[in-house]
Amino acid sequence: MREVNVTELRSHLPAYLGQVQTGEELVVTSHGKAIARIVPSRDISDAARKQLKALRNKSYVGDVISPVGELWEAEK
C-alpha cells in the first residue's frame, strides 16, 4: 500500500489511477495524516463465481427428494 499526499495525487492523478487499476492500493494523506484510501474496484459477480468454484470441490449434492428411511413429523 502506497501513501501519496493530496497535492501529489492531484498533480499526477492519471498515473496514480493507473496504478490502482493494476491492483495497487493508495492511501491519501494530508498533513501527514491518512484521510482516504483508493482501492481497485471489485467485480462482485466475479468474486462470487470464484467462491462458488472453490466450494464446488468441497461440496457434494446428493438426492434430496428420495426418502431417507426416517419417519418425518409430517408423516405421523
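Mentor: Happy to; we will begin with the core and then step back to the chain around it. This is a predicted model, in which local features need pLDDT of at least 70 and side-chain atom pairs count only at pLDDT 80 or more, while totals for chains, interfaces and linings use all residues. Residues are numbered from 1 along each chain as its sequence is written, and side-chain values use heavy atoms, with hydrogens and water left out.

The largest nonpolar core consists of 6 residues: Val 4, Leu 9, Tyr 16, Val 20, Leu 26 and Val 28. Two elements, α2 (13-21) and β2 (26-30), each give two or more residues to this core. A nonpolar core here is a set of buried Ala, Val, Leu, Ile, Met, Phe, Trp, Tyr and Cys residues joined through side-chain atoms within 4.5 Å. Buried means under 20% relative accessible area (1.4 Å probe, protein chains only).

Now look at Tyr 16. Leaving aside residues up to four places away in sequence, Tyr 16 touches Arg 2, Val 4, Glu 8, Leu 9 and Leu 26; contact means heavy atoms within 4.5 Å.

Stepping back, the chain has 3 helices and 3 strands, in the order β-α-α-β-β-α along the sequence. Helices (H or I, at least four residues) and strands (E, at least two) are DSSP runs, numbered from the N terminus. Of the 76 residues in the chain, 11% are buried. The C-alpha atoms fill a box of roughly 75 × 25 × 15 Å, taken along the principal axes.

How values were computed: Buried < 20%, exposed > 50% of the residue type's maximum accessible area, 1.4 Å probe, protein only.
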